[in-house]
Amino acid sequence: MSSKVVEPVRPPVNRARVAAGVVGSLVGLAAAGVAAGLAGRRALLRRRRETEPDPYRDETFGELPADEYRTVTTAEGIPLHVEIVGPAWARTTVIFVHGFCLDMGTFHFQRLALSQVDGVRAVFYDQPGHGRSGRLPAGEYTVELLASALRTVIEECAAPDSRVVLVGHSMGGMAIMALAELDPDLFAPDGRVARVVLISTSAGGVTFGLPDLVVRFRERLLPLISNAGTATAPVVDRARAAAKDLARLLTRKYGFGSVGASPSLVSYVEQMHASMSTEAVARYLCALYGHACEPGTTGLKRVPVLVISGDEDQVIPVEHSRRLAEELPHAELVIIPGAGHMVLLERAELVNDALVPFVRRIGA
């Protein structure tokens, strides 16, 4: 009688979970290394905060009042938090679209400036997965989804008989470009959108300041990061919380230029970054790296466009803004010296000096 050896049944390897474990382990090791060097950095930051002049020390960031608060629901069922300043009878509605890992507070100083302009209705909203807006229940975010969300805000929040100006920073500009590609008639001479402002943004090919090695292999890395995002999110979030001082230093380095940035501004931007969950960050990466648009063939070629960039932007270099201005027939380019990616906060007075007259020229 022959005997039969029964091998134990091994469960199939879940490669995504293995990858998540690897990524989580790497993040854990990195967090440990970061924590070891933070003591000296904390002392340095404290000394800088005590000695650096700060004109915005008492500024009420994130606390500006609104005339209306609304919740607008996108076609995908995502609730968007909206705040509106100005009358419903306004002849001009300006809609602000913020960037990645930020929220409507990015436009703090533009909100203050436009609240002083008669006949203008200013609309601010948090993009899906950001700020006080809801998240996409499943799957990855796409630039087309952001464009659809913007169209919903235009339809539901613009004053009924007004012309619309769209103002987009970074990823917000990409959403505007995607909308101009999906619905060019919206930008026609008789369409709702009369003017567009693109701040520190790109039509594609952006690397967000990542090292060349990461950029070279992003086609392979992004699916891994996206699949592992949910599994590793708690680990990464804990590491981010433990490394707040380092995060602030990186925000200062990559978000601002060489002109002395207010410590309060840097802290405010870092707080916006920190409020974005790691899981949402991972679900956005593929959309941002895959963004590609030919602005000169979209609805943007039909309207006046104001392009603004800081010449020291390390996230989306100024060359991207130059390229946009060259491709659009009715574009005006404003380059602000010494400013970085957060130029609209860092050099708000110069941005507003270009923005406010550009909005007012609709009447003319």
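User: What is the volume of the second largest pocket, and how is such a volume defined?

Analyst: The second largest pocket has a volume of about 230 Å³, where a volume is the space filled by probe spheres set on grid points that are joined across faces, edges and corners. The model is a predicted one, in which local features need pLDDT of at least 70 and side-chain atom pairs count only at pLDDT 80 or more, while totals for chains, interfaces and linings use all residues. Residues are numbered from 1 along each chain as its sequence is written, and side-chain values use heavy atoms, with hydrogens and water left out.

User: What makes a residue part of the lining of a pocket, and which residues lie nearest the centre of this one?

Analyst: A pocket is an open set of points on a 1 Å grid over the protein atoms alone, with protein on both sides within 12 Å along at least five of seven lines, and a lining residue has an atom within 4 Å of a point. The second largest pocket has 16 lining residues, and those nearest its centre are Gly62, Asp103, Gly105, Arg132 and Tyr268. The most comes from α9, with three residues. By class, the lining holds six nonpolar, four polar and six charged residues, where Ala, Val, Leu, Ile, Met, Phe, Trp, Tyr, Cys and Pro count as nonpolar, Asp, Glu, Lys and Arg as charged, and the others, Gly among them, as polar.

User: Why is the pair of tyrosine 56 and phenylalanine 109 called tilted?

Analyst: Rings of Phe, Tyr and Trp (its six-membered ring) pair if their centres lie within 6.5 Å, and planes under 30 degrees apart count as stacked, over 60 as edge-to-face and the rest as tilted. By this rule there are eight aromatic pairs. The ring centres of tyrosine 56 and phenylalanine 109 are 5.0 Å apart and their planes stand at 45 degrees, so the pair is tilted. Tyrosine 56 belongs to the loop between α2 (38-51) and β1 (68-73) and phenylalanine 109 to helix α3, so that this pair links distant parts of the chain, 53 residues apart.

User: What makes the pair of phenylalanine 61 and phenylalanine 109 edge-to-face, and how do you know that phenylalanine 109 is buried or exposed?

Analyst: The centres of these two rings, of phenylalanine 61 and phenylalanine 109, are 5.9 Å apart and their planes are at 90 degrees, so the pair is edge-to-face. Because phenylalanine 61 lies in the loop between α2 and β1 and phenylalanine 109 in helix α3, the pair ties together parts that are 48 residues apart in sequence. Phenylalanine 109 has a relative accessibility of 10% and therefore counts as buried, the word meaning under 20% relative accessible area, with exposed over 50% and partly exposed in between (1.4 Å probe, protein chains only). Phenylalanine 61 is buried as well, and Tyr56, Phe61, Phe109 and Tyr268 form one aromatic cluster.

User: How do you know that the charged end of arginine 111 sits over the ring of phenylalanine 124, and what joins arginine 111 to glutamate 83?

Analyst: A charge sits over a ring if NZ of Lys or CZ of Arg is within 6 Å of the ring centre and within 35 degrees of the ring normal. The charged end of arginine 111 sits over the ring of phenylalanine 124, at 4.9 Å from its centre. Arginine 111 also meets glutamate 83 in a salt bridge (2.9 Å, N to O), a term for a side-chain nitrogen of Lys or Arg within 4 Å of a carboxyl oxygen of Asp or Glu. Arginine 111 lies in helix α3 and glutamate 83 in strand β2 (residues 79-85), so the bridge ties together parts that are 28 residues apart in sequence. Both of these residues, arginine 111 and glutamate 83, are buried.

User: Why is arginine 361 called partly exposed, and which residue forms a salt bridge with it?

Analyst: Arginine 361 has a relative accessible area of 37% and is therefore partly exposed. Glutamate 332 forms a salt bridge with arginine 361, the closest N and O atoms being 3.3 Å apart. Glutamate 332 is likewise partly exposed, with a relative accessible area of 35%.

Conventions: 1 Å grid on protein atoms, 1.4 Å probe; cavity = no way out; pocket = protein on both sides within 12 Å on 5 of 7 lines; lining within 4 Å. Helix = DSSP H or I, 4+ residues; strand = E, 2+ residues; numbered from the N terminus.
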